[in-house]
Amino acid sequence: MHAFAAEALIGQYFLNTVLLGLFPAVLNLASMADISANATCGQNGSEMYCKLVEHVPGRPFRNPQCRICDLNSRNPKERHQITNAIDGTNRWWQSPSIQNGMEYHYVTITLDLKQVFQIAYVIIKAANSPRPGNWILERSIDGIIYKPWQYYAITDTECSTRYNIVPRPGNPTYTSDDEIICTSFYSKIQPLENGEIHTSLINGRPSAEDPSPTLLEFTSARYIRLRLERIRTLNADLMTLAYNDPKDIDPIVTRRVRLLVFNI
């Protein structure tokens, strides 16, 4: 799950809360923002998803905890709309499963803060899925032209091959006030649920104690966009594609595919 708030979750991506901090005063801007997503679980009717944590190799198989998501359901527990990500509750937003199409690896979430702020932190918490694999955190003043703040990749190699950026190994560090890095630190498969992504846009930069004009410009944004480009999986999607006949697919693999979503 993923979300936004003084906690914020985004993710099936399952997301529950993204935490945005400002300076000089620290405020949770996400809770006051308008938020939208270009895809949500159950937007085209009822669909099933299951918890990935229950199908990990090496663990005893248990009866899966599968649920239904339906954006038009009368049951609020089945609706995982994007506003859940910033409402301050334990509810979450959830993307469609890639069982519905590989295009659901690519999902975009946009927050409109309604005025320009200096953003100090972006904190994202996954719900009942792993954190996103490949994705880009972006900023904009006008909602038209977006610039990257940071790149995230499943491996250091993908930083180079997908984003053409030399990877920054380990816990992210910065050498300049406006350096844009790529990190695989927050794209690990573990934890399978409730993982967090902490992006500090100020701490660790050269002028963090006395912000320079460069740092002030770099942290200024009205719009914040999460461009999600690959769901973190246990390779169940690849296993499914290896079969020509759906009847030949192991139901456990199918459930794992249904679970391949972002939630925040």
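I shall speak about the nonpolar cores, then the aromatic rings, and finally some backbone details. Please keep in mind that this is a predicted model.

Let me begin with the interior. In general, nonpolar side chains in soluble globular proteins tend to be buried together. Here, the largest nonpolar core contains 32 residues. Within this core, Leu111, Ile119 and Leu226 have the most contacts. Two or more residues are given to it by each of strand 6 (107-126), strand 7 (134-140), strand 8 (147-152) and strand 11 (220-230). Which strand provides the largest share of this core? That is strand 6, with 8 residues. Another core, of 7 residues, lies apart from the largest one; Ile136, Tyr151, Cys159 and Cys182 are among its members.

I turn now to the aromatic rings. How many aromatic pairs does a search of the whole structure find? The search finds 3, and I shall describe two of them. Trp135 and Tyr152 are stacked, with 4.0 Å from centre to centre and 5° between the planes. This pair links distant parts of the chain, since Trp135 belongs to strand 7 and Tyr152 to strand 8, 17 residues apart. Both Trp135 and Tyr152 are buried.

Phe185 and Tyr186, by contrast, form an edge-to-face pair, with 5.0 Å between centres and 90° between planes. Is Tyr186 buried or exposed? Its relative accessibility is 10%, and therefore Tyr186 counts as buried, the cut-off being under 20%.

The charged end of Arg205 sits over the ring of Tyr174, 3.9 Å from the ring centre. Likewise, Arg225 places its charged end over the ring of Tyr146, at 3.8 Å from the centre.

Finally, I come to the backbone. The peptide bond that joins Gln190 to Pro191 is cis, with omega near -5°. Pro191 is found in the loop between strand 9 (182-183) and strand 10 (196-200). Asn194 also lies in the loop between strand 9 and strand 10. Asn194 has a positive phi, near 60°, although it is not glycine, and it is partly exposed, with a relative accessible area of 46%.

A positive phi near 60° is likewise found at Asn164, which is placed in the loop between helix 1 (156-163) and strand 9. Why does Asn164 count as exposed? Its relative accessibility is 70%, and exposed means over 50%.

Methods
Residues are numbered from 1 along each chain as its sequence is written. This is a predicted model: local features need pLDDT of at least 70, side-chain atom pairs count only at pLDDT 80 or more; totals for chains, interfaces and linings use all residues. Side-chain values use heavy atoms; hydrogens and water are left out. Helices (H or I, at least four residues) and strands (E, at least two) are DSSP runs, numbered from the N terminus. Buried means under 20% relative accessible area, exposed over 50%, partly exposed in between (1.4 Å probe, protein chains only). A nonpolar core is a set of buried Ala, Val, Leu, Ile, Met, Phe, Trp, Tyr and Cys residues joined through side-chain atoms within 4.5 Å. Rings of Phe, Tyr and Trp (its six-membered ring) pair if their centres lie within 6.5 Å; planes under 30 degrees apart count as stacked, over 60 as edge-to-face and the rest as tilted. A charge sits over a ring if NZ of Lys or CZ of Arg is within 6 Å of the ring centre and within 35 degrees of the ring normal.
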